[in-house]
Structure formats: structure tokens, C-alpha cells
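The sequence and the structure are shown first.

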Amino acid sequence: QMVVHCLDEFDETIKVKKVLVKNDPDGYTLTVKLKVPMKSQISGVLKELQQYIADSMERYGGVIVSQVHIEIDDWV
């Protein structure tokens, strides 16, 4: 739910399809699968999106995130 909320704040046209969570010794690793509009220029903001998700999860949820992997699962 928190990842969905982060995406809505970051860019409401990008939708979360699935989130996979792995608990590692240094924090959680998230794999976020997205549905992205065909017209979106997402490649320029992927690094920013990864950082935004990790920072938001830590700041608002107290969840230590060590890595965020972004996968484009669908183009809509």
C-alpha cells in the first residue's frame, strides 16, 4: 500500500502491478512491477523514482529499504 501511495504522489499515470518484498540483513529489497503509459518518458526518472520510494518508505513507515528494483511489466 505504501508503494502504491508513493507512485501516486510521484506520477499518477504510472500504476503498480505487483510488489515483491525480500527481507535482507541490511533492509528490505523491493521489486516493483509497473504498468506504464506508452507515451511516458519514464527512463529519465527511474533513478529518481527508486530513491523516492526508498526515502518515503523509511521516512513515513520506518522501513529500512536497501534496494528498489523497478520493472516495466506492462505498457498501456
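A salt bridge is counted here when a side-chain nitrogen of Lys or Arg lies within 4 Å of a carboxyl oxygen of Asp or Glu. The model is predicted, and side-chain atom pairs count only at pLDDT 80 or more.

**Salt bridges**

By this rule, the structure has 4 salt bridges.

| Salt bridge | N to O distance |
|---|---|
| K17 and D74 | 2.9 Å |
| K17 and D73 | 3.0 Å |
| K22 and D24 | 3.9 Å |

K17 forms a salt bridge with D74. The two residues link distant parts of the chain, with K17 in strand β1 and D74 in strand β3, 57 residues apart. K17 also forms a salt bridge with D73. Because D73 lies in strand β3 and K17 in strand β1 (residues 15-24), this pair ties together parts that are 56 residues apart in sequence.

The relative accessibility of K17 is 42%, so K17 counts as partly exposed. D73, at 35%, is likewise partly exposed, and D74 is partly exposed with a relative accessible area of 28%.

The side chains of K22 and D24 also meet in a salt bridge. K22 is exposed, at 52% relative accessibility, whereas D24 is partly exposed, at 22%. Through shared partners, salt bridges join K17, D73 and D74 into one network.

**Strand arrangement**

How do β1 and β2 run, and how many bridges join them? The two strands are antiparallel and are joined by 9 bridges. A hairpin of 2 residues leads from β1 to β2. Within this pairing, V21 has L30 in β2 as its bridge partner.

β2 and β3 run parallel, and 9 bridges join them. Together with α2, the strands β2 and β3 make a right-handed β-α-β unit. β2 is mostly covered, with 8 of its 10 residues buried.

In soluble globular proteins, nonpolar side chains tend to be buried together. In this model, the largest nonpolar core has 16 residues, and L30, V32, L34, I53 and V68 have the most contacts inside it. Helix α1, strand β2 (27-36), helix α2 and strand β3 (65-75) each supply at least two residues of this core.

What does I53 touch, leaving aside residues up to four places away in sequence? Its contacts are V3, C6, L7, L30, V32, V68 and I70. Among these, L30, V32 and V68 are also listed with I53 as having the most contacts inside the core.

**Aromatic pair**

A pair of aromatic rings is described by the distance of the centres and the angle of the planes. The structure holds 1 aromatic pair. The ring centres of F10 and Y52 are 5.6 Å apart and their planes are at 45°, so the pair is tilted. F10 lies in helix α1 (residues 2-10) and Y52 in helix α2 (residues 46-61), so the pair ties together parts that are 42 residues apart in sequence. Y52 has a relative accessible area of 27% and is therefore partly exposed.

How values were computed:
Residues numbered from 1 in each chain as written. Predicted model: local features only at pLDDT ≥ 70, side-chain atom pairs only at ≥ 80, totals over all residues. Heavy atoms only, no water. Phe/Tyr/Trp six-rings, centres within 6.5 Å; stacked < 30°, edge-to-face > 60°. Helix = DSSP H or I, 4+ residues; strand = E, 2+ residues; numbered from the N terminus. Buried < 20%, exposed > 50% of the residue type's maximum accessible area, 1.4 Å probe, protein only. Core = buried A, V, L, I, M, F, W, Y, C linked by side-chain atoms within 4.5 Å. Contact = heavy atoms within 4.5 Å. Pairing = 2+ DSSP bridges. Right-handed = clockwise from strand over helix to strand, strands pointing away.
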